[in-house]
Amino acid sequence: MWPRRWEGRERPVEELWTRTAPKGGPWSHKEGRVAQVTSLALADALIESGGADRVVLVPCAVGGTSIVEWLPDPEDAAKAGTLFGNCLQAARFAKGLRDVAGFFFHQGESDARDWIRGPYWEPMARTVLIAFREELQAPGLPIVLGRLGDLSRETKKERRWLDDVVDGQARLTLPRVSKVETTDLPMKSDYVHYSLEGQLELGCRYEKAWSALEPRCGDVS
């Protein structure tokens, strides 16, 4: 894996990770960095399945952020310094390298702590996903939504509105959206984040969910 620093951007997505076939080259990770491990497992699974010989990953995840923070700016969706704007700029930049073939979204833990964001997670997430497709001019872009895992009883005490978020994820229906179950994945000792094995399995499940959304004309931008 090779990090490429992007220049000339006010607050770019931290790194662009690429993985090239053949599989088996060395790559490193830290167990706590879920997005990296899961993304690389996804890339490996895509290559192994024959879905791609080269995968460009555009990591946009920012730990601990709420769904409100991911809403696009109503005046400028690509506004630098916003989570949606940074991710959108990164995706547009990546379009110069490869077609944008999918969007993977796994979010909601922090919203389970809030009495407003929890119950209203679904309409806000819907807004984010629809806006991302619109801004990329890719109405059929495949989207994979990771559902929240099975948190421990103690963890649920801190996230009183977890059931609202989970129910919202179940209700969220859009064309060309596939959902990934995570309740059976092994967790770390904090019962919020997945263990290394769980992260790797999640990447494989993302690949299967994406592959089930068979590409059709107009899906990629």
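Q: Where is the place of Arg176 in the chain?
A: In this predicted model, Arg176 sits in the loop between helix H5 (162-171) and strand E6 (177-180).

Q: Why is Arg176 called buried?
A: Buried means under 20% relative accessible area. Arg176 has a relative accessible area of 14%, so Arg176 is buried.

Q: What is the phi of Arg176 near?
A: The phi of Arg176 is near 65°, which is a positive value in a residue other than glycine.

Q: Which residue just after H3 takes a positive phi?
A: Gln137 does, with a phi of about 55°. Gln137 belongs to the loop between H3 and strand E5 (143-146).

Q: Why is Gln137 called exposed?
A: The cut-off for exposed is over 50%. Gln137 has a relative accessible area of 69%, and therefore Gln137 is exposed.

Q: How do you know that the span of H3 agrees with what its residues should give?
A: At 1.5 Å a residue, the 16 residues of H3 should span 22 Å. The end C-alpha atoms of H3 are 23 Å apart, so the two values agree.

Q: Which residues of H3 are buried, and what covers them?
A: The buried residues of H3 include Trp121, Met124, Val128, Leu129, Phe132 and Leu136. Their cover includes H2, E4, E5, H5 and E6.

Q: What reach does helix H6 have, and what is expected?
A: Helix H6 (residues 196-212) has 17 residues and reaches 25 Å from its first C-alpha to its last. This is close to the 24 Å expected at 1.5 Å a residue. Among the buried residues of H6 are Gly198, Leu202, Tyr206 and Trp210.

Q: What makes the pair Cys60 and Cys87 a disulfide?
A: The rule asks for cysteine sulfur atoms within 2.5 Å. The S to S value for Cys60 and Cys87 is 2.3 Å, and a disulfide joins them. By this rule the count comes to one disulfide.

Q: Which parts of the chain does the pair Cys60 and Cys87 link?
A: The pair links distant parts of the chain, with the two residues 27 residues apart. Cys60 lies in the loop between strand E3 (54-57) and helix H2 (83-95), while Cys87 lies in helix H2.

Q: Why is the disulfide of Cys60 and Cys87 called right-handed?
A: The torsion about the S-S bond of Cys60 and Cys87 is about 85°, so the disulfide is right-handed.

Q: What makes Ala78 count as buried?
A: Ala78 is at 16% relative accessibility, and because the cut-off is under 20%, Ala78 counts as buried. Ala78 is found in the loop between E3 and H2. Leaving aside neighbours within four places in sequence, Ala78 is in contact with Gly85, Leu88, Gln89 and Arg92.

Q: Why is Arg147 called buried?
A: Arg147 has a relative accessible area of 16%, so with a cut-off of under 20%, Arg147 is buried. Arg147 lies in the loop between E5 and helix H4 (153-158). Not counting residues up to four places away in sequence, Arg147 touches residues including His106, Val166, Lys179 and Tyr194.

Q: What makes Trp115 count as exposed?
A: Trp115 is at 60% relative accessibility, and because exposed means over 50%, Trp115 counts as exposed. The place of Trp115 is the loop between strand E4 (103-105) and helix H3 (121-136). Together with Ile116 and Tyr120, Trp115 makes a nonpolar surface patch of about 390 Å².

Q: How many helices and strands are in the chain, and what part of the chain counts as buried?
A: The chain has six helices and six strands. Of its 221 residues, 47% count as buried.

Notes
Residues are numbered from 1 along each chain as its sequence is written. This is a predicted model: local features need pLDDT of at least 70, side-chain atom pairs count only at pLDDT 80 or more; totals for chains, interfaces and linings use all residues. Side-chain values use heavy atoms; hydrogens and water are left out. Helices (H or I, at least four residues) and strands (E, at least two) are DSSP runs, numbered from the N terminus. Patches are made of residues with over 30% relative accessible area and no salt bridge: like charges are joined within 9 Å, nonpolar side chains (Val, Leu, Ile, Met, Phe, Trp, Tyr) within 5 Å. Accessible areas come from the Shrake-Rupley method with a 1.4 Å probe; for residues, only the protein chains shown count as cover. A salt bridge is a side-chain nitrogen of Lys or Arg within 4 Å of a carboxyl oxygen of Asp or Glu. Buried means under 20% relative accessible area, exposed over 50%, partly exposed in between (1.4 Å probe, protein chains only). The expected span of a helix is 1.5 Å times one less than its number of residues. Contact means heavy atoms within 4.5 Å.
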